[in-house]
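Here is a friendly walk through a two-chain model, written for someone who has the structure open on the screen. Please keep the view at hand while you read.

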Amino acid sequence: MAEKILEVKNLKQHFGSIKAVDGISFDVYEGETLGLVGESGCGKSTTGRSIIRLYDITDGEITFQGKNIHGKKSKKELKQFNKEMQMIFQDPYASLNPRMTAGEIIAEGFDIHGMYKNKKERKEKIGTLLESVGLNREHANRYAHEFSGGQRQRIGIARALSLDPSFIIADEPISALDVSIQAQVVNLLRQLQKERGLTYLFIAHDLSMVKYISDRIAVMRRGKIVELGTAEDIYNYPVHPYTKSLLSAIPLPDPISEATRTRIPYEHEEVGDDAKSHEVFPGHFVFGTDAQVKEWYTH
Amino acid sequence: MGETILEVNNLKINFKTYAGLVQAVRGVNFSLEKGKTLAIVGESGSGKSVTSNAIMKLIPQPPAIYAEGEILFNGKNLVTATEKEMTKIRGNDIAMIFQDPMTALNPTMRVGKQIMEVILKHNKKASKAEAKKRAIELLTEVGIPFPEQRFKQHPHEFSGGMRQRVVIAIALAAEPKILIADEPTTALDVTIQAQILELMKQIQRTSETSIIFITHDLGVVANVADTVAVMYAGQIVEYGTANEIFYNPKHPYTWGLLGSMPDLDNEADELLRTIPGSPPDLIHPPKGDAFAARNEFALAIDYEQEPPMFQVSETHFAKTWLLHPDAPHVPIPEAVRKRIEGYLEKNDEVGSELGKGGD
């Protein structure tokens, strides 16, 4: 088994009375893709943002490469952390500064970190990054509005890669893109992962894409992880009724089966304080009370 | 063949912009039958929303120009209809559901009143009390619990899925013959999407409404459509029954769309098929086949001449030179073929388990 790169223990992120994330624990292993799925408002994006220190967490502990993320840090430590962990955002229209060229956007990171000796090396670095995400060196001098949505997302990816991070949080990186462009970006992410040994936390609501890209999947609902397991297990042997309901709602490009498909409705059951995570199968966790999990598992 | 309620013939729509004339819709033909659903599928900029808005004449002129063609609703040409005539048709005969239910509703008005407004406007004889009764009935029909209490609430007190149900209730208020739904579930979560799709199908069964469903999601298309029109660069490039489009696609663009969608049985180590590049600029549409530059199977003629619609079956058409009798034989890409075979096999198994048997 690969090394743990990230450990999340009992993470809580409350905004006033809203418990956006309410006590979740999971690990991410080096080189894997962990998919985080759930419907709007389930806390999946908040989880990603807490991990990358965009929020001060309410409670819990996040350890990255053996170090506590939210503990006191010197400037040097912070810089090192920022180098190792990067984020790709959902909206490629909102996440790129319209007043900066693609080259400036990509180079901002290594300008701050002083990762080149001279202008020539800086230019060379920008060019290599652009090429690695399927754009041309000449694109460096263009502004964001001169690019299509898919190309903008490639710039966002190049920016995330610029500091040579080991861990990337991708928050709905393809949901704003057209179907044919989604596939291009997903293929690019997978190819970069292979070449650079990247670890991804892939946050999305599109379950078929998450199944495709992830090694393991965590299903979130109302601030809790209700089920976590390998992508195969989650899709073929779901245990939690919410996971079953989610899976039954995905429409497939298959009209004959669609004509007879029945959605499994999910009735929310209040869980008391005695609910906890149960390992029903090695590496496959289900959240509920002892009695609930026993009942779900035998059905 | 059922009764045709709407027919669009050679519709061309241009937009005047500072950069030049954008040819957004470039000769679209389709027909809609009573009680059936036509899905128009395509990517952003393919002209699918312009086409549907054009039917309702909701695009401002200028900048839009109805350059050519006709839209026949029960034999009447809407392109030449006056604004007064259109006001009667909108809502009464043809109603629309939009993507974002928050912007479609008035945030300052109780939802009950918004539904009543439509009822009273379209049925001048109805009293206020009757309209209120009907509005509550509609809220019940679209599956909103506690309709009497909900009637008095404002849109912000509803969740996204419930809001979209209100929008549907408003669209149904005047008992339209055609419902145009422009990405009605795109902003919703999958479980809510499934509920809304079920609701629309149930409404169609009880009231024989015809539906034009605009979407980019092929899964949704397979779920709702009787007939499918695949649009690319302002044109319909493939047209057929849902079974024909999904099990026997002929156009390379349709292959590309089907291939770029991951499915749950995808092998994890295979890359998704992609359509390289991006759609053409419609100020200067390319010569020949608009898809040629992105088409790995493009022939020399694709860069010279625009292909006609070739007929595959009585109901199935595709606009690609690959269907010309002299064209080289290009089989459907392996990955797409395998997937279709997988679906059909699975359906056969299910079919025989149910005692129906496959065909």
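## Domains, sheets and helix pairs

The centres of domain 1 of chain B and domain 2 of chain B, taken over C-alpha atoms, are separated by 43 Å. Domain 1 of chain B covers 104-175 and domain 2 of chain B covers 243-353, with bounds that come from an automatic or database domain assignment.

Before going further, a word on conventions. This is a predicted model, in which local features need pLDDT of at least 70 and side-chain atom pairs count only at pLDDT 80 or more, while totals for chains, interfaces and linings use all residues. Residues are numbered from 1 along each chain as its sequence is written, and chains are lettered from A and ligands numbered from 1 in the order in which they are written.

**The sheet of chain A.** Chain A holds an open sheet of 8 strands with mixed pairing, in the order 6-7-8-3-9-10-12-11. Helices (H or I, at least four residues) and strands (E, at least two) are DSSP runs, numbered from the N terminus, and two strands pair if DSSP finds at least two bridges between them. At the edges stand strand 6 (85-88) and strand 11 (276-281) of chain A; each has a single partner strand, so one side of each is left without a neighbour in the sheet. On average, neighbouring strands of this sheet are turned by 20 degrees against each other, direction ignored. Here axes are lines fitted to C-alpha atoms, for helices over the stretch in contact, and angles run from 0 to 180 degrees between N-to-C directions.

Strand 9 (residues 216-221) and strand 10 (residues 224-230) of chain A pair in the antiparallel sense over 6 bridges. Within that pairing, Arg216(A) has Thr230(A) in strand 10 of chain A as its bridge partner. Helix 5 (residues 149-161) of chain A packs on the sheet, where it touches strand 6 and strand 7 (167-171) of chain A, and its direction makes about 175 degrees with that of strand 6 of chain A. Contact means that the C-beta atoms of two residues, placed from the backbone, lie within 7 Å. Helix 11 (residues 290-298) of chain A lies across strand 11 and strand 12 (284-288) of chain A, and runs at about 125 degrees to strand 12 of chain A.

**The sheet of chain B.** In chain B, an open sheet of 8 strands has the order 6-7-8-3-9-10-12-11, again with mixed pairing. Its edges are strand 6 (94-97) and strand 11 (310-311) of chain B, each with a single partner strand, so one side of each is left without a neighbour in the sheet. Strand 6 of chain B runs parallel to strand 7 (residues 178-182) of chain B, joined by 4 bridges. Met96(B) stands opposite Ile180(B) in strand 7 of chain B.

| Helix pair | Axis distance | Angle |
|---|---|---|
| Helix 3 (residues 102-112) and helix 4 (residues 119-132) of chain A | 10 Å apart | about 115 degrees |
| Helix 5 and helix 6 (residues 179-196) of chain A | within 10 Å | roughly 20 degrees |
| Helix 4 (residues 111-122) and helix 7 (residues 160-172) of chain B | within 8 Å | roughly 20 degrees |

Angles under 35 degrees count as roughly parallel, over 145 as roughly antiparallel, 65 to 115 as roughly perpendicular and the rest as oblique. Helix 3 of chain A is therefore roughly perpendicular to helix 4 of chain A. In their contact, Gly103(A), Ile106(A), Ala107(A) and Phe110(A) of helix 3 of chain A meet Arg122(A), Lys125(A), Ile126(A) and Leu129(A) of helix 4 of chain A.

Helix 5 of chain A and helix 6 of chain A are roughly parallel to each other. Residues of helix 5 of chain A in this contact include Ile157(A) and Leu161(A), and those of helix 6 of chain A include Leu188(A) and Leu192(A).

Helix 4 of chain B and helix 7 of chain B are likewise roughly parallel to each other. Their contact is made by Val111(B), Gln114(B), Ile115(B) and Val118(B) of helix 4 of chain B with Val166(B), Ala169(B) and Ile170(B) of helix 7 of chain B.

**Where the chains meet.** In the contact between the chains, 33 residues of chain B touch 33 residues of chain A. Helix 9 of chain B gives the largest share of the side of chain B that touches chain A, 5 residues.
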